[in-house]
Amino acid sequence: MMERKRYALVTGASRGIGRAVALRLAASGYAVIVNYVSNRAEAERTLGMICEAGGEGELLQFDVADNGAVQSALNGWQERHEGEYISVLVNNAGIRKDDLLMWMPEDEWRKVLSVSLDGFYNVTQPLLKNMLVGKYGRIVNIVSLSGIKGMPGQTNYSAAKGGVIAATKALAQEVAKKNVTVNAVAPGFIRTDMTGDLNEAELKKLIPAGRFGEPEEVAGAVAFLVSDDAAYITGEVISVNGGIYT
């Protein structure tokens with residue numbers, strides 16, 4: 001009997017950590033759904049890298065913060081893949097809009113929370129039913145050192161990621177009996193476009209490992225959490241931060 005195809009959705013997979021996770025899951029045998037919001041060229045590059053490495057994938061455009069757009073895209077995917085379901089979800093999409101709270105405009109507060117926190121709900125909620133019916137699922141939320149430690153200038157980002165951490169712990173308890181695990185990976189300073197505006201030379205002095213991390217090192221933690229080796233791990237937050245905060 002032919003083995004059933006396994007599908008993994010990675011949000012915000014056009015660049016950085018999302019791209020690295022998509023490539024790693026494809027290498028692990030998943031058909032990867034590469035989500036992006038606007039940068040189609042980079043999303044196509046991610047898909048091209050997956051295919052060049054012998055993997056399989058497809059693009060799926062939607063803004064995680066737009067519930068209607070998410071529902072429409074996921075319903076469309078389901079219609080095209082009758083009898084299949086997305087068994088692995090990596091909620092990676094997120095944005096930074098750093099500012100001291102004293103100076104922070106309301107739209108910077110709302111946008112950051114909407115992408116991370118509303119995005120978690122908008123994408124996870126509609127995919128849960130099939131995971132529970134199928135009695136198998138892996139949900140990994142990419143959070144942040146900022147959501148654990150709190151970072152000055154990132155009150156919005158810390159609030160958003162801290163909220164997702166709390167949601168991870170709660171949802172894990174709701175779905176564990178159905179063989180669905182829910183975990184989070186909290187990167188510290190990782191070398192991506194998102195951290196390109198930071199002073200790496202100064203910041204790495206604060207990191208015990210003495211360097212910024214690479215996206216592939218975060219992807220390795222995600223790959224472990226979706227594997228059978230991690231079947232008894234749920235509700236956990238794994239920090240990938242070079243020892244800067246534990």
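These legends accompany close-up views of a predicted model.

**View 1. Strand β4 and its partner β1.** Let's start with β4, which spans residues 86–91. This strand is mostly covered, with 6 of its 6 residues buried. Strand β1 (residues 7–10) runs parallel to β4, and 4 bridges join the two. To find your place in this pair, look for A8, which stands opposite V88 in β4.

**View 2. From β4 to β5.** Strand β5 (residues 137–142) also pairs with β4, in the parallel sense and over 4 bridges. Here L89 stands opposite I139 in β5. Now follow the chain: from β4 it passes through helix α4 (residues 106–134) to reach β5, making a right-handed β-α-β crossover. A handy rule for reading strands is that, in a regular one, side chains alternate between the two faces of the sheet.

**View 3. V185 in the nonpolar core.** The largest nonpolar core holds 65 residues. Which of them touch the most other members? They are L9, L25, V32, F62 and V185. Zoom in on V185 and, leaving aside residues up to four places away in sequence, you will find contacts that include V140, I142, V143, V218, L225 and V240. N141 and S144 are also among the residues that V185 touches.

View 4. Helix α4, strand β5 and helix α6 (155–175) each supply at least two lining residues. Which element gives the most to this lining? That is α4, with 4 residues.

Notes
Residues are numbered from 1 along each chain as its sequence is written. This is a predicted model: local features need pLDDT of at least 70, side-chain atom pairs count only at pLDDT 80 or more; totals for chains, interfaces and linings use all residues. Side-chain values use heavy atoms; hydrogens and water are left out. A nonpolar core is a set of buried Ala, Val, Leu, Ile, Met, Phe, Trp, Tyr and Cys residues joined through side-chain atoms within 4.5 Å. Buried means under 20% relative accessible area, exposed over 50%, partly exposed in between (1.4 Å probe, protein chains only). Contact means heavy atoms within 4.5 Å. Two strands pair if DSSP finds at least two bridges between them. A crossover is right-handed if, with the strands pointing away from the viewer, the path from the first strand over the helix to the second runs clockwise.
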